[in-house]
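Look at the sequence and the structure, then work through the turns in order.

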Amino acid sequence: MTGTKRDGIAIDLQALLASRDARAARRASCFAKRRQPTITLTLVMPGPVKDSPLIRAIAEVARHETLAMLARRGWGYDIHFNTDLPTGPESLYQVDGDAALLKRALVALEDNHPLGRLWDLDVHDADGQALSRSSVGDPPRRCLVCDADARACGRSRTHALDELWSKIETLYDQWLGQAKPD
């Protein structure tokens, strides 16, 4: 993988868990100030590298598309956190809107955007409770490679890391080809 757009520093499990705890603390701080539905934007990236040029590019698209969707729907928002960390890009937005409608809109974005499968757009309601896909009537995520249940493939490590990264690069390159004017 040397010299590719997926190069980055490998993160160990301890750093990943610490990052998850910090993300939860940031979200709790937002709820302490104002009780509103909150979006936590991260990426679904396999393996130990969570920050690379490719990952940052995908995150920028996710951020842009999420904020554009909020604007189209007329939902006001505040950006509380928006940065690229060694453990991966993260954004935290509090939104003026209904949490269930917000989750449905974000699931549609994940399911319909060419890069959406790589995004993890979590929603917590005004009480801080996470809304799952199933809680709003949507099916679980599909595997990036074979379209089976993503959790089942991930748990059983059905696909090799190189296969997953090849698929991610292909999705990005295809999207980039569509996004650029002729």
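**Salt bridges, strands and confidence**

The count of salt bridges in this predicted model comes to 10.

Q: Which residue forms a salt bridge with E90, and in which helix does that partner lie?
A: The closest N and O atoms of E90 and its partner R23 are 2.6 Å apart. The pair links distant parts of the chain, 67 residues apart, with E90 in strand β3 (residues 88–95). The partner is R23, and its helix is α1 (residues 13–33).

Q: Are E90 and R23 buried or exposed?
A: Side chains of opposite charge can pair when their charged atoms come close. E90 and R23 form such a salt bridge. Both residues of this pair, E90 and R23, are buried.

Q: Why does D51 count as buried?
A: D51 forms a salt bridge with R56, and the closest N and O atoms are 2.7 Å apart. Buried means under 20% relative accessible area. D51 counts as buried because its relative accessibility is 17%.

Q: How many residues apart are R63 and E60 in helix α2?
A: The side chains of R63 and E60 meet in a salt bridge, at 2.7 Å from N to O. Both residues lie in helix α2 (residues 53–73), and their spacing is about one turn of the helix. In residues, R63 and E60 are apart by 3.

Q: What is the order of the strands in the open sheet?
A: Strands of a sheet pair through backbone hydrogen bonds, either parallel or antiparallel. Here 5 strands form an open sheet, and the pairing is antiparallel. The edge strands, each pairing on one side only, are β2 and β5. The order is β2-β3-β1-β4-β5.

Q: How many bridges join strand β2 to β3?
A: A hairpin joins β2 to β3 through 2 residues. In this pair of strands, Y77 stands opposite V95 in β3. Strand β2 (residues 77–85) and β3 run antiparallel, and the number of bridges that join them is 8.

Q: Which residue in β3 does L41 stand opposite?
A: Strands β1 and β3 run antiparallel and are joined by 4 bridges. The residue in β3 that stands opposite L41 is S91.

Q: At about what angle to β3 does helix α1 run?
A: Helix α1 lies across β1, β2, β3 and β4 (119–124). The angle of α1 to β3 is about 15°.

Q: Where does R157 lie, and why does it count as exposed?
A: R157 has a positive phi of about 50° although it is not a glycine. The residue lies in the loop between α4 and α5 (161–179). Exposed means over 50% relative accessible area. R157 counts as exposed because its relative accessibility is 73%.

Q: In which strand is confidence highest?
A: The mean pLDDT of the protein is 91, and 95% of its residues reach 70 or more. Confidence is lowest in helix α4 (residues 150–156), at a mean of 87. Confidence is highest, at 97, in strand β1 (residues 38–43).

Methods. Residues numbered from 1 in each chain as written. Predicted model: local features only at pLDDT ≥ 70, side-chain atom pairs only at ≥ 80, totals over all residues. Heavy atoms only, no water. pLDDT = per-residue confidence, 0-100. Buried < 20%, exposed > 50% of the residue type's maximum accessible area, 1.4 Å probe, protein only. Salt bridge = Lys/Arg side-chain N within 4 Å of Asp/Glu carboxyl O. Pairing = 2+ DSSP bridges. Contact = heavy atoms within 4.5 Å. Axes fitted to C-alpha atoms, helices over the stretch in contact; angles between N-to-C directions.
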